[in-house]
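Dear colleague,

I am writing to hand over a protein structure for your study. Please open the sequence and the structure below, and then read the findings that follow.

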Amino acid sequence: MEEIMERAQADLKQTQNRYLRGLRCRSTKKYFSNADSATLSDKHKVTAAVLDKLAEQHPDDATVVGYAKEVVGEATSFRQVA
């Protein structure tokens, strides 16, 4: 059981590091243009800040139904011009 836990934790750490590298590559300039290296080295702060910024651009629990209705309405009202 301990070996399974160790492998799972190692896999989690590897996945988190890959995810963070991807976030840094895509988002550092966009969201952290004025950040210093100490700020960027904190994995948890960077990840949380990027996810918070991304969440601002997407519907939340309070707005997802209205957004879905809008998208479905646009999709169903589309007509091909001959």
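Some notes on the source come next. This is a predicted model, in which local features need a pLDDT of at least 70 and side-chain atom pairs count only at pLDDT 80 or more, while totals for chains, interfaces and linings use all residues. Residues are numbered from 1 along each chain as its sequence is written, and side-chain values use heavy atoms, with hydrogens and water left out.

Confidence is given as pLDDT (the predictor's confidence in each residue, from 0 to 100). The protein averages a pLDDT of 79, and 80% of the residues score at least 70. Among its elements, helix α4 (residues 64-77) has the highest mean pLDDT, 89, whereas helix α2 (residues 37-40) has the lowest, 71.

The secondary structure consists of four helices and zero strands. Helices (H or I, at least four residues) and strands (E, at least two) are DSSP runs, numbered from the N terminus. The protein has 82 residues, of which 13% count as buried. Its accessible surface comes to about 7,400 Å², and 55% of this belongs to carbon and sulfur atoms; the areas come from the Shrake-Rupley method with a 1.4 Å probe, and for residues only the protein chains shown count as cover.

To return to arginine 7, this residue forms a salt bridge with glutamate 3, and the closest N and O atoms are 4.0 Å apart. A salt bridge is a side-chain nitrogen of Lys or Arg within 4 Å of a carboxyl oxygen of Asp or Glu. A search of the whole structure finds one salt bridge. Both residues lie in helix α1 (residues 2-31), four residues apart, about one turn of the helix. Glutamate 3 is exposed, with a relative accessible area of 55%.

Helix α3 also deserves attention. This helix has 14 residues and reaches 20 Å from its first C-alpha to its last, close to the 20 Å expected at 1.5 Å a residue (the expected span is 1.5 Å times one less than the number of residues). Which residues of α3 are buried? They are Val46, Thr47 and Val50. Seen down the axis of α3, these buried residues fall within an arc of 95 degrees, so they line one face of the helix; the arc is that of the directions from the helix axis to the C-beta atoms. On the other side of α3, His44, Lys45, Asp52 and Glu56 are exposed. Valine 50 has a relative accessible area of 0%.

Yours sincerely

Notes: Buried < 20%, exposed > 50% of the residue type's maximum accessible area, 1.4 Å probe, protein only.
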